[in-house]
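Reader: I am new to this kind of picture. Could you show me how to read salt bridges in it?

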Amino acid sequence: MAKRLIPSLNRVLVEKVVQPNKTAAGILLPETTKQLNSAKVIAVGPGVPDRDGKLIPVSLKEGDTVLLPGYGGTEVKLAEKEYLLFGEHDILGRLEE
């Protein structure tokens with residue numbers, strides 16, 4: 001079984017971020033609280049070639065936190081962890097703190 005996946009072309013491998021269900025002060029948050037569908041970028045592909053054959057790199061890098069669409073992506077399981085594989089164009093944006 002493979003231990004590492006290197007995405008092809010402009011694909012991005014992400015791991016969903018689990019939002020805490022209580023605050024730092026210990027206040028429990030209800031399950032109905034709206035949470036962002038965010039994930040951490042684990043690996044990125046090299047990019048996609050343009051018409052001239054020049055490589056257009058992926059605009060994201062490992063460690064970025066991104067906003068995902070409500071549905072989509074390909075589920076991948078590696079070393080007992082679950083990941084999602086998206087095309088770069090499917091990711092809605094990068095989240096910054």
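**Reading the salt bridges**

Author: Start with one pair. Glu 15 and Lys 81 form a salt bridge, with their closest N and O atoms 3.8 Å apart. Keep in mind that the model is predicted.

Reader: Why does the Glu 15 and Lys 81 pair tie together parts that are apart in sequence?

Author: Look at the strands. Glu 15 sits in strand E1 (residues 11-16) and Lys 81 in strand E7 (residues 81-87), so the bridge links parts 66 residues apart in sequence.

Reader: What makes a pair count as a salt bridge?

Author: A side-chain nitrogen of Lys or Arg must be within 4 Å of a carboxyl oxygen of Asp or Glu. By this rule there are four salt bridges.

Reader: How exposed are Glu 15 and Lys 81?

Author: Glu 15 is partly exposed, at 23% relative accessible area. Lys 81 is partly exposed too, at 40%.

Reader: Which residue does Asp 64 pair with?

Author: Asp 64 bridges to Lys 61, and their closest N and O atoms are 3.4 Å apart. Check the surroundings of each partner. Asp 64 is buried, at 9% relative accessibility. Lys 61 is exposed, at 52%.

Reader: Which residues are joined into one network?

Author: Lys 61, Asp 64, Arg 94 and Glu 96 are. Salt bridges with shared partners join them.

Methods:
Residues are numbered from 1 along each chain as its sequence is written. This is a predicted model: local features need pLDDT of at least 70, side-chain atom pairs count only at pLDDT 80 or more; totals for chains, interfaces and linings use all residues. Side-chain values use heavy atoms; hydrogens and water are left out. Helices (H or I, at least four residues) and strands (E, at least two) are DSSP runs, numbered from the N terminus. Buried means under 20% relative accessible area, exposed over 50%, partly exposed in between (1.4 Å probe, protein chains only).
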